Amino acid sequence: MADDIIIPEPTEAESAAIKSIKEEDVHKICSGQVILTLAVAVKELVENALDAGAKNVEVKLRDKGLEAVEVCDDGCGVQPNDLESMTAKYHTSKIQKFQDLQSVETFGFRGEALSSLCALTEMSIITRHRDCTEAIKIVLDHKGKIISRSCHTRAPGTTVLLTNLFVTLPVRRKDFERNIKKEFAKMCQILQAYCLVSTGIRIRCTNQAANGASSLIMMTQGREDVLSNIYAIFGKPKLGEIIKLESPLKDNKGDILTQDELISALQANAGDNANITKEDISSLYSREFELEGYISSCAHGSGRSSKDRQFFYVNSRPCDLKNISKAVNDCYHSFNNSQYPFVYLNIITSRQEVDVNLTPDKRQLMLSNEKLLLSLVKRSLHLTFDQIPATYKLQNTTISDMQSQTNNADLESIDLIPLSTAEKFRNVLSQWKRTGDTAGKAPNVTTKRKCLDEITARTLKMQKIHQFLNTEDIKPTGEYDYKSDPETDEEGDKTIQFDEMQLKQESNAFDELVQRTDCKILTPKRPVCNFVDQKSLSNSDISPINDVASKDDNAARPVIELDVSDSETKERSNISSQFFVTLKEIEDSLKAEDALKSERESRAKLERLRFKSEITPSQNKTAEDELQKEISKSSFARMDVIGQFNLGFIICKLDSDLFIIDQHATDEKYNFEMLQRTTHLQFQTLAIPQTLELTAVNEMTLIENLPVFEKNGFKFSINSNAPPTKKVSLLGKPFSKNWEFGKEDIDELIFMLQDAPEGTVCRPSRISAMFASRACRKSIMIGTALKKSTMKQLVQHMGEMEQPWNCPHGRPTMRHLINTVMLLDTEINEDN
């Protein structure tokens, strides 16, 4: 039906005089700003039902709201005479003038919701006032005008039906269809906020799938306390996991603080930056300020892996309080830095201290003296958490297990070589001399690397010794008797003769070489070059260098000598050579050098500096953004491998840019993504199936994504006939050596799937951490020499990754070194 809407062509005429926009167009423009999402549409209808005094509110969705949304209540209904104005713009029964905003107690007051919904969807309403005997059904057009009106049967109350949401906005409709899972999740979270705060009211939400099957999303029982609503929506937690917030106006014993005592307590927590005056505290006590709320215990394991269950209210109005939310999470992390809390916080204060008219959806509020409010919230949290002991739960782990794991790890790192008692004693003694301790393993001792000349000299000496020992024709200048082992030498005693003087000379020569040899690279010495003019030489005069050197010094030949420094001449006075070259050849060589210099100048023009960040941890984010912008996946296949640096890094070149790649981090990230993409974890069957107390929303998400959970090693049993929140039982869960998983990982995976696009491979954080550990152990380590083909393969693997810029542990994989054109520019500037 959405495809049948005819979109008119835009105006092509040039703008002329300033004129008023048509009322119909103004209506459409403003309506698109009021109703932005499915969540806002449902919110406005539920608020109207609550404002009408309903005790039962039911939200019915078809295909998660993509096809239709229906909200039914048992409130007071609408008088027949008010049906025309009910959907008119800026018509409301909740306020009469602007000053009423200071004391408004209803959720709605702007008179825009129904009018905006008419402009964006197809709407029909069935309503019956409590004083009437029959109901009336009306169908409205996109202007909010009644198309048809008929009698109907229903109990007192109102039913609003919306079909084809955003049908008049093609772009928003396509985005709504593409992101329906995310829109549905946001709608559920906002509806949960109203379910928690609406005590004494029964709210029920269902969804009818495309195949006609209906499922319960959430439901409250209409109890009079907030805690019952929390249990109805999220299930009953373990004892002590959710606790009530302490009042910031009381001390540890529960006694009410005086104004001076409260000022002292707040300044003690906030320091000198509190800036709290007596006037602020007096105003606080006069307006009957109060904090109502519940929060997760700060004990490890009681929180959640995300901030998906945090609800904030001002005078029971759901809203977004960013500063309050940040203060709550920061304070919670000071006690438990690995999790986020469940939060229900209702700030009760004077309505004159709150401005609710900031945005059309009324989710943004402005509070008077927000700094004082932040201090009170922090004090309340500290009073609540200070009484909880700091403990950490270990799953299936004992101290003996931890000790055995540590000992096993130490044993794996020691080579299992049998040692004699004397060797053990020498090792312990050596360790004591180096470290002063005899326990544990001795640190490795660094050894100096022998230079090439020393190794060559030692090898030559050993060859000489063996040559003397094996030579038969030895001069009888000296004789030594050598008695061999009778068990290994049948000949018994035999005499070996060798030249004692020659062996002594070679030994002294070797010792002298070792003393004056170091590990520095010796620079080859350049010869002295003499250039002779060709004109002064005839064909008969050309002779070998030795002949030229023996000629008479008085010969009339102009000789051009390239002089070197005196120090260099002294160092290599024994090394010299000469060759002849003509002046014509020198001139050609200089011209060729000038041409080469001109060519380099023409190439040394950097069109654009693409990489500006330095290789430093403070600029990691900037460097990643530059690489992601300038380097595509196909770029890695075009990179040329220059070589390996320091047995840990690969130097590559792409056009005129040089890059350095961490061989371990790169291989680790590739192995990690392959594990994430392909690994299907095996599950361990539970002896007794575990019933999961999931919310109806999470239960539906789990059932729709069973293959994802099975790939992560979770096995479930689904009972479609069971009541909501009781349909899913856990039959098996993944288990890998020291890694154990449970319900917390299931909750995290459900949260990830609510926003994940179709086809995305989702893994809980603990499974990803396990994969990261595996990938690290199987990757190429620093210190490993690599062949050029292996380095090329690692670079090509980076083009196959989804996110190649960091390893799973956050270590950078690749950084830009320099642009070679910049080097040419520098050389040219130095020459000039």
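**View 1. The buried residues of helix 23 pack against helix 6, helix 21, helix 22 (706–711), strand 24 (715–718), strand 25 (728–736) and helix 24 (765–777).** This is a predicted model, where local features need pLDDT of at least 70 and side-chain atom pairs count only at pLDDT 80 or more, while totals for chains, interfaces and linings use all residues. Residues are numbered from 1 along each chain as its sequence is written, and side-chain values use heavy atoms, with hydrogens and water left out. Helix 23 itself covers residues 743–755, and its buried set is Asp745, Ile746, Asp747, Glu748, Leu749, Ile750, Leu753 and Gln754. Helices (H or I, at least four residues) and strands (E, at least two) are DSSP runs, numbered from the N terminus. Buried stands for under 20% relative accessible area and exposed for over 50%, with partly exposed in between (1.4 Å probe, protein chains only). Packing and touching are read from contacts, meaning heavy atoms within 4.5 Å.

**View 2. Phe771 sits in helix 24.** Phe771 is buried, with a relative accessible area of 0%. Leaving aside residues up to four places away in sequence, Phe771 touches Phe672, Leu675, Gln676, Thr679, Leu681 and Arg763.

**View 3. The largest cavity has a volume of about 100 Å³.** Lining it are Lys64, Lys181, Phe184, Ala185, Val697, Met700, Thr701, Glu704, Asn705 and Gln754. Two elements give two or more residues to this lining, helix 6 (180–197) and helix 21 (696–704); helix 21 has the largest share, with four residues. Gln754, part of this lining, is also among the buried residues of helix 23. Across the whole structure, a search turns up four cavities of 30 Å³ or more. Here's how the spaces are defined: on a 1 Å grid over the protein atoms alone, a cavity is a set of points where a 1.4 Å probe fits but cannot get out, a pocket is an open set with protein on both sides within 12 Å along at least five of seven lines, and lining residues have an atom within 4 Å of a point. Grid points are joined across faces, edges and corners, and a volume is the space filled by probe spheres set on the points.

**View 4. The second largest pocket has a volume of about 1,000 Å³.** Its lining has 41 residues, and Lys186, Gln189, Ile190, Asp320 and Arg363 are the closest to its centre. Helix 6 gives the most, seven residues. Other elements that give two or more residues include helix 2 (38–51), strand 11, strand 12, helix 10, helix 21 and helix 23.

**View 5. Five strands make an open, mixed sheet in the order 9-10-13-11-12.** Strand 9 (242–244) and strand 12 (317–319) are the edges, each with a single partner strand, so one side of each has no neighbour in the sheet. From one strand to the next, the twist averages 20 degrees. Two strands pair if DSSP finds at least two bridges between them. Strand 11 (residues 310–314) runs antiparallel to strand 12, with three bridges joining them, and Val314 stands opposite Arg317 in strand 12. Helix 10 (residues 322–333) lies across strand 10 (290–296), strand 11 and strand 13 (343–348), at about 135 degrees to strand 11. Helix 11 (residues 370–385) also packs on the sheet, where it touches strand 9, strand 10 and strand 13, and its direction makes about 50 degrees with that of strand 10. Axes are lines fitted to C-alpha atoms, for helices over the stretch in contact, and angles run from 0 to 180 degrees between N-to-C directions.

**View 6. Strand 7 and strand 8 form a hairpin with five residues between them.** The pair, residues 202–208 and 214–219, is antiparallel and joined by five bridges. Thr206 stands opposite Leu216 in strand 8. In the turn, Gly212 has a positive phi of about 95 degrees.

**View 7. Another hairpin, of strand 20 and strand 21, has three residues between the strands.** Five bridges join strand 20 (residues 640–645) to strand 21 (residues 649–654), and the two run antiparallel. Val641 stands opposite Cys652 in strand 21, and Asn646 takes a positive phi near 60 degrees.
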